[in-house]
Amino acid sequence: MTVRAVGLVPHPNRPNATELAKRAAARLAEHGVEVRVPGPDADIAGLGHLAVELDAFADGLDVVISLGGDGTMLRAVDLAYEAGVPVVGVNIGQLGYLTEVEPQDFDRALDRLLAGDYEVTERMMLQVDVDTAGPARGRWFALNEAVLEKVHTGRLVRLDVAVNGVDFTTYAADGVIVATPTGSTAYSFSARGPIVSPRHRCILLTPVSPHMLFDRTLVLAPEETLLLGVCDDRSVVLTADGRELGELAAGDAVRCTGGPVPARIVTFAPRDFHQILKAKFGLADR
């Protein structure tokens, strides 16, 4: 796997990410590798000369390097997904659950990328289609989750939920989370949803602080379709992997199903999900 073009996605507000991005850009250029940085981040990182428009960022890239925490990794996956470009994450954050490389190992990781010495694993994505007159209209993809939740405190959201075109129930809650297995360790986990191996393929529907007797996570096959309809004019906001897409109104609908192709994630060694889970969550041996 010869690497000829690399995209860098640095966290805009972390000096360590900027420093590593500059070091990577210089090192890659020395090897004749084209380097790009998405426009909004390039000037902040002092790499304005490498800036490209977001729509053109991933075209023709061999790999994207995320320099930040899990949020930066999610953004990099969003930029690279539809072009089929694999992403490697460098952990310059707190938890770093999705990232592959620690900062002290970054130079070695660059060597291995340049040598083509890496593997690509796959993660299920979520496809989200939104029917609304607002800014959230259209098709979106998420590695972790899509969330519909209340905007104002002291109020609930009411969402009619159908599964495969058949009415299921109406949720009255602070919100609902539609997550992938990768996202099972994120917001869904904090709402008491199950932890699912990323090698699995499924969709999790987890209510947030539900005001109803049915408060369990619903686990569906990736081919199944969830339709969530906004029942009334109480403010509901839709986010995908932490990106706020817009507010929804009564009659708006969100359709979720498994993505058409998986996300591609770079790895340099086999990753034991259960041992990573143990380390990241501080689970001690008994």
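Residues are numbered from 1 along each chain as its sequence is written. In this predicted model, local features need pLDDT of at least 70, side-chain atom pairs count only at pLDDT 80 or more, and totals for chains, interfaces and linings use all residues, while side-chain values use heavy atoms, without hydrogens and water.

**Exercise 1.** Determine how the span of α1 compares with the expected value.

*Solution.* Helices are DSSP runs of H or I with at least four residues, and strands are runs of E with at least two, numbered from the N terminus. Helix α1 has 16 residues.

**Exercise 2.** Identify the buried residues of α1 and state where they lie around the axis.

*Solution.* Buried means under 20% relative accessible area, exposed over 50%, and partly exposed in between (1.4 Å probe, protein chains only). The buried residues of α1 are A17, T18, L20, A21, A24, A25 and L28. They lie on the same side of α1 because they cover an arc of only 165° around the axis; this arc is that of the directions from the helix axis to the C-beta atoms. The exposed residues P15 and E30 are on the face turned away from the buried side.

**Exercise 3.** Describe the packing of α1 against α4.

*Solution.* Two packed helices are described by the angle between their axes and the distance between the axes. Axes are lines fitted to C-alpha atoms, for helices over the stretch in contact, and angles run from 0 to 180 degrees between N-to-C directions. For α1 (residues 15-30) and α4 (residues 106-114), the angle is about 35° and the axes are 11 Å apart. With contact meaning heavy atoms within 4.5 Å, α1 contributes L20, R23, A24, R27 and L28, and α4 contributes F106, D107, L110, D111 and L114.

**Exercise 4.** Compare N164 and D241: which is buried and which is partly exposed?

*Solution.* N164 lies in the loop between β10 and β11 and has a positive phi of about 55°, although it is not a glycine. D241 lies in the loop between β16 and β17; its phi is also positive, about 50°, and D241 is not a glycine. N164 is partly exposed because its relative accessible area is 41%, whereas D241, at 11%, is buried.

Definitions and conventions
Expected span 1.5 Å × (residues − 1).
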